[in-house]
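Colleague: I am new to this structure. Could you walk me through reading its features?

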Amino acid sequence: MEGSPLRVLIAGGGIAGLETLTGLRELAGDRVSLTLVAPDDEFVFHPIATRQPYSVEPTRGVAISRAAKDVGAKFVAAPVEEVDAGGRTVQTSAGERIGYDAFVLALGADAIPSLDHVMTWDDRSDSELLGGLLRDVEEGYAGRVAVVIPPGPGWPLRGYELALLIRQRAWDMSEDLQTTLVVPDPSPFAEVAERAAKAITAELERAGITIVPAERVSIERGHDLALVLQPSAQRIEVDRVIAMPILRGRPIDGIPVDEYGFVPIDARCGVAGLDGVWATGDCTAFPLKSGGVSAEQADVVAANIAALAGADVEPRSFDPDRADRLAGLPAGRFIEQRLAMQEPGMAMHVPTTGVPILTYLQRDLEAGWRGAP
């Protein structure tokens with residue numbers, strides 16, 4: 001019926017999904033009818049600002065159903081299993097089939113350990129994992145620490161920030177800590193954020209962190225723990241290792257993906273070859289993954305769907321050339337404060353916590369719907 005709201009279905013309840021949801025309500029108002037589908041009813045975000053003593057800020061979360069309700073959206077707690085782009089329907093794991101006019105994939109990615117038998121830091125890591133490492137540093141059990149960023153799709157900025165955080169705590173404790181950051185070769189920033197890479201590298205060097213490139217890394221266990229780097233065969237003895245994971249997409253039937261399971265997108269974040277389907281965040285094939293990139297892509301998707309719904313909004317394209325500025329958002333208080341890479345109006349951080357506030361989520365956070373930790 002003419003004048004009916006555009007039915008928008010969003011799959012995924014992370015930063016990208018919630019930013020798209022709140023952005024659409026802000027931009028399109030009642031021109032859209034919103035449904036959010038996610039596997040569970042929890043949005044988890046992980047600040048890594050340190051707390052005294054020996055710990056970091058705990059993982060925080062909020063009920064997605066509450067966030068959806070506050071913007072007048074329906075929430076369905078179930079994974080999406082299949083998409084019929086021709087019929088414009090999706091099927092959930094519960095067998096429910098949901099129709100849509102516009103469908104947004106914001107599925108995130110799976111984090112897979114990149115090294116066996118060492119600490120792996122991902123977006124749901126317990127705060128005690130890093131707290132225990134900091135405790136070992138302060139008590140003198142760990143004088144040589146390495147942070148390893150593997151090649152391939154991942155969250156490289158979190159690895160850079162972890163190295164800075166660990167080194168910062170060593171300064172605070174007046175400890176002589178040898179901190180090594182092993183980075184992929186070629187750099188994960190090589191194609192999309194060259195200026196950001198140079199700025200981050202300079203900051204790490206000023207902090208006294210040794211940066212070592214490697215195509216592959218393995219663990220050698222003997223009397224001492226050592227990293228073995230390839231192809232150089234360089235051996236670095238360490239006391240503790242914390243590794244970033246590799247990421248893989250979450251393919252669903254009916255959606256094209258690349259060799260890693262990520263969704264190819266066009267300049268406006270539309271899914272290649274599918275009409276009425278968009279993708280945003282870590283599930284896309286864009287090589288640099290970060291909260292800032294996810295937020296920007298979500299805002300692009302929200303603007304384009306709002307325009308489709310008849311709102312007075314200019315359609316937008318995702319500009320990879322802005323990745324230098326987006327890369328640090330929201331990377332955390334160390335990179336943000338030291339490099340001043342924050343995009344005004346895109347993201348900010350609550351003092352001392354590192355919790356991201358994205359463009360359209362900021363008002364909701366200020367209103368308190370995320371609640372206390």
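**Charges and cysteines**

Modeller: Start with R240. R240 counts as partly exposed, because its relative accessibility is 26%. Keep in mind that this is a predicted model.

Colleague: Which residue does R240 form a salt bridge with?

Modeller: Side chains of opposite charge can pair when their charged atoms come close. Here R240 pairs with D136, and the closest N and O atoms are 3.1 Å apart. The pair links distant parts of the chain: R240 sits in strand β20 (residues 240-243), D136 in helix α3 (residues 127-138), 104 residues apart. D136 counts as buried, at 18% relative accessibility.

Colleague: How many salt bridges does a search of the whole structure find?

Modeller: The search finds 11. One of them joins the side chains of R88 and D275, at 2.7 Å from N to O. This pair also links distant parts of the chain, 187 residues apart. R88 is in the loop between β8 (80-84) and β9 (89-92), and D275 is in the loop between β21 and β22. R88 counts as partly exposed at 26% relative accessibility, whereas D275 counts as exposed at 59%.

Colleague: Which residues are linked in a network of salt bridges?

Modeller: R144, E220, R235, E237 and D239 are. Look at E215 and R216 too: they form a salt bridge, with 3.8 Å between the closest N and O atoms. E215 is partly exposed, at 38% relative accessible area. R216 is partly exposed as well, at 48%.

Colleague: Where is there a patch of negative charge, and which residues gather in it?

Modeller: The patch is on the surface, and its residues are E81, E82, D84 and D253. Take D253. It is found in the loop between β21 (246-248) and β22 (277-279). D253 counts as exposed because its relative accessibility is 53%.

Colleague: On to cysteines. How many disulfides does a search of the whole structure find?

Modeller: A disulfide is a covalent bond between the sulfur atoms of two cysteines. The search finds zero here.

Colleague: Why is C269 too far from the closest cysteine sulfur for a bond?

Modeller: That closest sulfur is in C283, 9.9 Å away, so the gap is too far for a bond. C283 is in no disulfide either. C269 counts as buried, at 0% relative accessibility. C283 is buried too, with a relative accessible area of 3%.

Colleague: Is T284 buried or exposed?

Modeller: Buried, at 0% relative accessibility. T284 lies in the loop between β22 and α6 (291-308). T284 and D258 are 26 residues apart in sequence, and their C-alpha atoms are 9.4 Å apart in space.

Key:
Residues are numbered from 1 along each chain as its sequence is written. This is a predicted model: local features need pLDDT of at least 70, side-chain atom pairs count only at pLDDT 80 or more; totals for chains, interfaces and linings use all residues. Side-chain values use heavy atoms; hydrogens and water are left out. Patches are made of residues with over 30% relative accessible area and no salt bridge: like charges are joined within 9 Å, nonpolar side chains (Val, Leu, Ile, Met, Phe, Trp, Tyr) within 5 Å. Accessible areas come from the Shrake-Rupley method with a 1.4 Å probe; for residues, only the protein chains shown count as cover. A salt bridge is a side-chain nitrogen of Lys or Arg within 4 Å of a carboxyl oxygen of Asp or Glu. Lys and Arg count as positive and Asp and Glu as negative; His and the chain ends are not counted. The place of a charge is taken as NZ of Lys, CZ of Arg, CG of Asp or CD of Glu. Helices (H or I, at least four residues) and strands (E, at least two) are DSSP runs, numbered from the N terminus. Buried means under 20% relative accessible area, exposed over 50%, partly exposed in between (1.4 Å probe, protein chains only). A disulfide is a pair of cysteine sulfur atoms within 2.5 Å.
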